[in-house]
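The exercises below concern salt bridges in a protein chain. Work through each one with the coordinates open, then compare with the solution.

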Amino acid sequence: MATSETVTFGAVGDIAFHHATGSQMLALGAAWPFADVQSALSRADLLFGNMESVVIPDDFPVEKIAAKALISRVPGTVAARALRQAGFDIMNMAANHVLDAGTVGLAHTRQTLVDAGIRVGGVGATAEEARALQIVEKRGVRFGFLCYCEPNNCTLQTRGPTHAVYETERVIEDVRANRGRVDLLVVSIHADIEFTPTPSVPRQASARRIAEAGASIILQHHPHVPQGIEWHAGCLIAYSLGNFIFPAHTSAYQKTHGPGTAESMILLMRANRSGVQAFERVPVIIGEPPEERP
């Protein structure tokens, strides 16, 4: 087996290729969204992000998509190429917009990412499959990913492909069942109150229980603004990574809850088989249009 080394694990928050971002990608190329932060992203040996929007097949009936849906403005292959070129190894898809284009959008997005060589966590053809551990090894260190989302916009509309539902007891069960399979167990959670600078008291309590159950890292997203980070029971908990590739200015919903929606971070963690040894937050600002990118 390969010798264990120190690995730099990077993580960012919400990524959605829609609004002005999609238009700029079509005009300027797949690398455009990440160009100004690529040097920081490239410091990571292993890179994680949250896939907030879905991509759809060319023949999808777009007239059936709700006005508030987060659908990529670029073809799936372009979105996947952008992520892969930027260095992303694994994406959480358990997010509240994952069913905005129904089960077709979920399945198509997942397959498009997988075809590009990106691992996907938090979704599956069944709830059990969605809860499955995703393992990625870097330099002899085995990282395992469990990904969840609170009941989302369209949860009750499917009995087929779905996301892993965030319930504290269920997550703890999965952590205990999978902790021995990997060196570091990463739990991704898409949940909680939007636009608040601190986590809710129930979510903080839940995160600490998950840490005590054996998680090594807990990465959280959905509030659309960055929140604090703490060590608890040997686990690094990031309460909200904030937006990353997101229309913080051109989305009226985001802009009216600013200015925090344009603030973000790249979280870089130095880890080995024993766990996270240190971390660094690289502060990021999402620029004003047309440079609406980090």
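**Exercise 1.** Is Arg 43 buried, partly exposed or exposed, and what is its relative accessible area?

*Solution.* The model is a predicted one. The relative accessible area of Arg 43 is 44%. Buried would need a value under 20% and exposed one over 50%, so Arg 43 is partly exposed.

**Exercise 2.** Find the salt-bridge partner of Arg 43 and state which parts of the chain the pair ties together.

*Solution.* Step 1: the partner is Glu 280, with 2.7 Å between the closest N and O atoms. Step 2: Arg 43 sits in the loop between α2 (38-41) and β2 (46-51), while Glu 280 belongs to strand β15 (residues 275-285), so the pair ties together parts 237 residues apart in sequence. Step 3: Glu 280 is partly exposed, at 34% relative accessibility.

**Exercise 3.** Locate the two ends of the salt bridge between Glu 173 and Arg 131.

*Solution.* Step 1: the closest N and O atoms of Glu 173 and Arg 131 are 3.8 Å apart, and the cut-off is within 4 Å. Step 2: Glu 173 is in helix α6 (residues 168-178) and Arg 131 in the loop between α5 (127-130) and β6 (134-138); these distant parts of the chain are 42 residues apart. Step 3: Arg 131 has 22% relative accessibility and counts as partly exposed.

**Exercise 4.** Characterise the salt bridge between Glu 167 and Arg 170.

*Solution.* Step 1: their closest N and O atoms lie 3.3 Å apart. Step 2: Glu 167 is partly exposed at 40% relative accessibility, and Arg 170 is partly exposed at 25%.

How values were computed: Residues numbered from 1 in each chain as written. Predicted model: local features only at pLDDT ≥ 70, side-chain atom pairs only at ≥ 80, totals over all residues. Heavy atoms only, no water. Salt bridge = Lys/Arg side-chain N within 4 Å of Asp/Glu carboxyl O. Helix = DSSP H or I, 4+ residues; strand = E, 2+ residues; numbered from the N terminus. Buried < 20%, exposed > 50% of the residue type's maximum accessible area, 1.4 Å probe, protein only.
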